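Keep the model in view as you read.

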Amino acid sequence: MPTCLWACNGVLAHVWLVRASRYGEILKTHILGCPCVMLASPEAARFVLVTQAHLFKPTYPRSKERMIGPSALFFHQGDYHLRLRKLVQGPLGPDALRALVPDVEAAVCSTLASWDGNVASTFHAMKRLSFDVGIVTIFGGRLDERRKAELRQNYSIVEKGYNSFPNGFPGTLYYKAIQARRRLHGVLSDIMRERRARGEPGSDLLGCLMQSRAGDDGALLTDGQIADNVIGVLFAAQDTTASVLTWIVKYLHDHPKLLEAVRTEQAAIRTANDGGRLPLTWAQTRSMALTHRVILESLRMASIISFTFREAVADVEYKGFLIPKGWKVMPLFRNIHHNPDYFQDPQKFDPSRFKVSPRPNTFMPFGNGVHACPGNELAKLEMLVLIHHLVTGYRCGAPPHRFAIYSLLVLVDQSSRWAPAAATPLDPSSQLPDSAYTYSYCYMLHAPVRIDRAINLWGHSLLRWHNT
Ligand code: HEM
């Protein structure tokens, strides 16, 4: 899920929630001069994304396509999209994920260890974690550190320019990002060349893309198509997962009783694993019922992908409304997730609501239909493993509440320090320096839609984690 969509989600969703409550579940508006139909009902979302998906194609600004790579699967529909999807789904499916648990756990432990005694921001740390997990999924843990550093460095430049004004003058963020994108392409081509020279494409995501043959002539994907899709998957995986993880930290902090219950669930697993000396297993990650519900409720509350865009490829009629060819269509996930008809008391963070499955098409944090997120199980696995190690190895103390001012679209970096359970206990009587407080910060853009929640985020509380 490209971040342009992701980044403008919260603010627009707030505006549209207000409009939808005033004008109903289907309404027409203009965005930057483009006529656009917004759909806030589960039936309408299903119509666009599932039953009549062939009548609506994905649509993104040209500059974003250029930045990620025009051959990335989420820009396409039809045969090419289906082919790519099958390829990507394999390495993200249950069998592959089962084998990935040790790598995800290693990435989580290394992230937590790097917080020990260091200044870090929660969101940036989570981004690093999601990037590492993305790399392991794509390259199967076979990437040497030099290559990984090259990818990380260039990718971060691409990211910085991604939402900038598409101005190709040298020195601009956009220009730098396009240059970095070229270098990324070069690094990926080198990796593919090395694999071919060794005669080992591999069974990871990159290997699957390299070996895929299509059509009667058995044509392979070109290196350009493969690079676009590798960069696309990294894009789709990183900020999304990191954002939800940051929200989870905040929600757990805000609900101490729930945090205790989650800790109890996870402590039992840790005890069964000889106090954490044995690795987590796939079966154990499947048995974390309460933690899983916390993740689902965080996905619902935060609704970090608040909506998606499609474009009608023909005149389409829906319930007596005409959607002319070329118009944009937007299923509004957040509005559905926050509609009291489907989720009672929707502003309340209540994981127990997921003891019962939501009604069909009312819960779509990962989208729906042909373009639904193929990385959803990987994202959940990463969250489960992170929560396991965080709550069993670290404790969130009574917060000395502190406040930080956000400005729209600007991320505020705050200091934080994470103390591991196994380290020398902190002296509770000593005055901890400012950097000893972990600050879970979130994009203002992702503020839940009610004003009181938004205000809450302007004065977001600090967390303190220390030894258990
Ligand atoms: C909590 C984390 C995540 C959330 C909330 C999320 C959400 C979504 C959503 C809503 C879509 C559908 C967009 C649309 O219909 O226009 C999507 C698509 C996609 N996601 Fe995710 N995603 C997450 C994590 C990941 C991860 C970890 C990966 C890969 C490793 C991934 C890869 C993709 C890809 C490749 C697509 C495009 C699929 C297609 O067009 O067929 N996502 N994601």
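Predicted model: local features only at pLDDT ≥ 70, side-chain atom pairs only at ≥ 80, totals over all residues.

Asp274 lies in the loop between helix H12 (256-272) and helix H13 (282-286). Phi of Asp274 is near 55°. That is a positive value in a residue other than glycine. Is Asp274 buried or exposed? Only a count of neighbours can tell. Asp274 has 8 other C-beta atoms within 10 Å, so it is exposed, given that 12 or fewer make a residue exposed.

Asn361 lies in the loop between helix H15 (333-337) and helix H16 (376-393). Its surroundings can be counted as well. Asn361 has 20 other C-beta atoms within 10 Å. A residue is buried at 20 or more, so Asn361 is buried.

UniProt lists Cys373 for "binding site", in an unreviewed entry. Cys373 is buried, because 20 other C-beta atoms lie within 10 Å. Which residues does Cys373 touch, not counting those up to four places away in sequence? They are Phe366 and Gly367.

Now turn to the ligand. The ligand is surrounded by 28 residues. The closest are Ala236, Thr240, Gly367, Cys373 and Gly375. Some elements give two or more residues to the shell around the ligand: helix H5 (79-92), helix H7 (122-139), helix H11 (223-254) and H16. Which element gives the most? H11 does, with 6 residues. By class, the shell has 19 nonpolar, 8 polar and 1 charged residues.

Next comes a pair of helices. Two packed helices are described by the angle between their axes and the distance between the axes. H12 packs with helix H14 (residues 289-302) at an angle of about 135°. Their axes are 8 Å apart. H12 and H14 are therefore oblique to each other. From H12, the contact takes in Leu258, Ala261, Val262, Glu265 and Gln266. From H14 come Leu290, Thr291 and Val294. Sorted by class, the contact of H12 with H14 has 5 nonpolar, 2 polar and 1 charged residues.

Ser203 has 14 C-beta neighbours inside 10 Å, so it counts as partly exposed. Look across to Ala96. Ser203 and Ala96 are 107 residues apart in sequence. In space they are 9.5 Å apart, C-alpha to C-alpha.

Finally, step back to the whole chain. How many helices and strands does the chain have? There are 17 helices and 12 strands. The chain has 468 residues, and buried residues make up 43% of them. Contacts can be sorted by how far apart the partners sit in sequence. Among contacts between residues at least 6 apart in sequence, 75% join residues at least 24 apart.

Conventions
Residues numbered from 1 in each chain as written. Helix = DSSP H or I, 4+ residues; strand = E, 2+ residues; numbered from the N terminus. UniProt positions renumbered as here; feature names shortened; annotations may be inferred. Contact = placed C-beta atoms within 7 Å. Axes fitted to C-alpha atoms, helices over the stretch in contact; angles between N-to-C directions. Parallel < 35°, antiparallel > 145°, perpendicular 65-115°, else oblique. Nonpolar A, V, L, I, M, F, W, Y, C, P; charged D, E, K, R; others polar. Near = placed C-beta within 6 Å.
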